[in-house]
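Have the model open while you read.

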Amino acid sequence: MNKYSERLYNGLIKENPTTVMMLGMCPTLATTTSAINGLGMGLCTLVVLVLSNVVISLLRKIIPDEVRIPAFIVVIASLVTIVQFLMEGYFPALSQSLGVYIPLIVVNCIILGRAEAYASKHSVGLSMFDGIGMGLGFTIALTILGAIRELFGNGTIAGAQIMPKSYVPISIFVLQPGAFFVLAILIAVMTKILSRPKKVKTSEESAHDPATCEPADCAGCASKGSCGKQIFAETVKAGVKDAQGNGGDEA
């Protein structure tokens with residue numbers, strides 16, 4: 001796995017900001033009453049996160065250490081303002097639904113944390129992929145959380161009717177307690193996946209590598225017959241015996 005794919009994997013799975021690091025809980029719990037709201041909030045954060053990482057990485061050698069945090073906030077606030085104007089212009093209904101949580105992206109600890117911990121210390125390419133990975137992880141988590149709450153709370157997903165008409169919505173799922181319940185389940189599932197023990201190799205699988213083993217170790221080798229060093233050792237041994245035999249015959 002190269003450095004770029006590692007940044008994507010970390011953001012999506014290993015260091016998912018919602019289900020592993022548990023950052024940005026305020027918008028996570030407040031805006032995920034539906035799948036569309038969760039997706040919209042996640043995409044806004046993704047755009048700001050990627051652009052802020054790129055800009056801060058470009059300026060990392062120019063910004064003095066003494067004012068780096070205020071400088072980061074200025075960059076993030078400028079990008080959030082642009083995203084907010086675009087949302088109001090092209091997606092007014094979603095912008096109104098998300099409300100004050102769009103400008104609050106400025107103080108989202110995910111964005112400021114990645115700027116301080118990663119973008120200010122790494123190249124533009126790695127910082128961009130770090131932002132994409134973290135942003136996608138955040139977006140997917142919010143969308144799943146919103147879809148589950150909407151499904152059980154309204155019987156729909158993204159406004160489309162999923163549950164039968166006879167289904168009685170469980171209103172607690174679209175209220176604040178429902179957000180905590182569903183988030184706890186997602187965190188438990190992710191923790192179970194990440195804590196899964198690695199497969200223990202059998203004695204044959206854990207035998208020494210044929211490419212690096214020593215001839216003295218070949219007695220119990222699972223790759224006996226295909227080990228290069230073993231074959232070489234046996235060939236040399238056979239050659240010595242033949243030489244000794246031929247020498248005896250000549251004598």
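1. Let me start at a surface spot. Ile172 sits in the loop between strand E2 (160–161) and helix H8 (176–194); helices (H or I, at least four residues) and strands (E, at least two) are DSSP runs, numbered from the N terminus. Ile172 is partly exposed, at 33% relative accessible area. On that scale, buried means under 20% relative accessible area, exposed means over 50%, and partly exposed is in between (1.4 Å probe, protein chains only). Together with Phe152, Ile170, Phe180 and Phe181, Ile172 makes up a nonpolar surface patch with about 450 Å² of accessible area. Patches take residues with over 30% relative accessible area and no salt bridge, with like charges joined within 9 Å and nonpolar side chains (Val, Leu, Ile, Met, Phe, Trp, Tyr) within 5 Å. Areas come from the Shrake-Rupley method with a 1.4 Å probe, and for residues only the protein chains shown count as cover.

2. A word on provenance. This is a predicted model, where local features need pLDDT of at least 70 and side-chain atom pairs count only at pLDDT 80 or more, while totals for chains, interfaces and linings use all residues. Residues are numbered from 1 along each chain as its sequence is written, and side-chain values use heavy atoms, with hydrogens and water left out.

3. Now the overall picture. There are nine helices and two strands in the chain, and along the sequence they run α-α-α-α-α-α-α-β-β-α-α. Of the 251 residues, 35% count as buried. The chain exposes about 14,400 Å², of which carbon and sulfur atoms supply 67%. Taking contacts (heavy atoms within 4.5 Å) between residues at least 6 apart in sequence, 68% join residues at least 24 apart.

4. What holds the middle of the largest nonpolar core? Of its 25 residues, Val48, Ile56, Val80, Met87, Leu98, Ile105 and Ile111 touch the most other members. Helices H3 (35–58), H4 (68–90), H5 (92–98), H6 (109–119) and H7 (124–154) each supply at least two residues of this core, and H4 gives the largest share, seven residues. A core here is a set of buried Ala, Val, Leu, Ile, Met, Phe, Trp, Tyr and Cys residues joined through side-chain atoms within 4.5 Å.

5. Leaving aside neighbours within four places in sequence, Ile105 is in contact with Met41, Cys44, Thr45, Val48, Ile76, Val80 and Ile111.

6. Buried in H4 are Phe72, Val75, Ile76, Leu79, Val80, Val83 and Met87. An α-helix has 3.6 residues a turn, so residues three or four places apart point the same way. The buried residues of H4 pack against H3, H5 and H6.

7. Ser57, in helix H3, is worth a click. Is Ser57 buried or exposed? Ser57 counts as buried, because its relative accessibility is 0%. Beyond neighbours within four places in sequence, Ser57 is in contact with Ala119, His122, Ser123, Val124 and Ser127.

8. On to the charges. The structure holds three salt bridges, each a side-chain nitrogen of Lys or Arg within 4 Å of a carboxyl oxygen of Asp or Glu. Asp130 pairs with Arg7, the closest N and O atoms being 2.8 Å apart. Asp130 lies in helix H7 and Arg7 in helix H1 (residues 3–14), so this pair ties together parts that are 123 residues apart in sequence. Asp130 also pairs with Arg114, with closest N and O atoms 2.9 Å apart; Arg114 is in helix H6, 16 residues from Asp130. Asp130 is buried at 0% relative accessible area, Arg7 is buried at 10%, and Arg114 is buried at 11%.

9. The remaining bridge joins Glu116 to Arg68, with closest N and O atoms 3.1 Å apart. Glu116 is in helix H6 and Arg68 in helix H4, so the pair ties together parts 48 residues apart in sequence. Glu116 is partly exposed at 22% relative accessible area, and Arg68 is partly exposed at 30%.
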